[in-house]
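I opened this entry to keep track of what I looked up. The sequence and structure come first, then my notes.

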Amino acid sequence: MSELHIAATERTPEILLSANNGTFSMKGESFPEDVSAFYGQVIVAVDQLALNLTKPLTVDVAMIYINSSSIKAMFRIFEGLEAVRKNGQAVSITWHHQEDDDIMQELGEDFKDRFPDLPIEVNAA
Amino acid sequence: MDISKAIDIRTAMRASGVIMAYNGTVSDELMVSLADILKTRMEAMDDAKRSRVVFSIFMEGMQNLIWHGRTNQNAPGMVCISQQDGEITVVCGNRIQREESLKLNETLEQLQRADKDTIRQLYREGMSKSSEHEGPGAGLGLLEIARRASHPISFAFMDVDEDHVDFFLAARI
C-alpha cells in the first residue's frame, strides 16, 4: 500500500499520504530547486492509489506559496486524484487558504474549474 | 569604480525609490536569499495581500532569469524592486536569443491587450500544458505575473549583438 511521509522544508511542503487511512495532504510552501525530483515520488504514489485504494480518499491542500512549476506538478497530482474517482472510490478535497489570501483562493477555484468532476471545497481556514 | 559614479548610482536609486536591486549572475541560492530579504521588507510594510503579490511576481521573475541564465553564466540577470507614489514595480531583465524574443514579443503583446478574465482563462489552460519546450513553468510564470499585476505588464527589448537581445519585463502592483 502507498505510504508517504515527507517533512516540510523552507521550500517544500509536508506531504502525507496513506492508502491505509485513505488520506492525502499537502501543506506549506512550494518552490523546490528541482520540481520533478520532489514531486515525482508524490505523483507516482497518487497514481498508485487509483490501483490499490480500497476506501474513500480525503484530501487536504493547504499551501502558503506555490510557484508556477509546482502548480504544474500539482495538476498532475490532481489528474491522479481524478483517476482514483474514476476507478470508483469517493474523493473529497478541501483546499484551505488563509482568510485574506486571494492568490491561494483563486488557485483553488482554478483547480475546481479544471477538475469539474472532483468535489473540491475552497475554504478560508 | 570612481566614487562619484557610485554616488550617481545611489542618487538614481534613491530618486526611483529602489527597495532592492541586483545585477549579476543569478542562481537558485541567490533567489532564496533575496526572497528572504524581500519577505522581511514587505512584512515591515504591513500589507499582507500586496506582499504576497509582490513576492509571487518576484519569484516567477527570478525563476525565469535562472532558467535563461542556466546555459550562459556570462549573461547576468537583473532584478529591481522599487516603490514610488504608493506603487511597487518589479523589473526583471535578462539576455535571451534574438530568435526567442520574436515569439516572446508576440506573447507579451497579446498579454498586454488581454483583460483579466482572458488572462485567467489562459492561465487555467496553461496549468495543464506540458513544460517541455519553454522551461520549468512553460509560460505559466508569465501568466502569473500578468495576472497578479495591477496594470498591464510592460516590456522592452534591447539589441546586444546579432544573436542576442536583453529583455526587460516590468509589473506594477
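How many of the 13 residues of H1(B) are buried? I counted 0, so H1(B) lies largely in the open. Buried here means 20 or more other C-beta atoms within 10 Å of a residue's own, exposed means 12 or fewer, and partly exposed is in between, with C-beta atoms placed from the backbone.

I noted that this is a predicted model, in which local features need pLDDT of at least 70, side-chain atom pairs count only at pLDDT 80 or more, and totals for chains, interfaces and linings use all residues. Residues are numbered from 1 along each chain as its sequence is written, and chains are lettered from A and ligands numbered from 1 in the order in which they are written.

**Helix H1(B).** Helices (H or I, at least four residues) and strands (E, at least two) are DSSP runs, numbered from the N terminus. Just after H1(B), I found B:Gly17 with a positive phi of about 65 degrees.

**Strands of chain B.** I looked up E2(B) (77-84) and E3(B) (87-97), which pair antiparallel over 7 bridges; pairing needs at least two DSSP bridges. B:Ile81 stands opposite B:Val90. The two strands form a hairpin with 2 residues between them, and B:Asp85 in the turn has a positive phi of about 50 degrees. E3(B) also runs antiparallel to E5(B) (164-172), joined by 9 bridges. There I saw B:Val91 partnered with B:Ala170.
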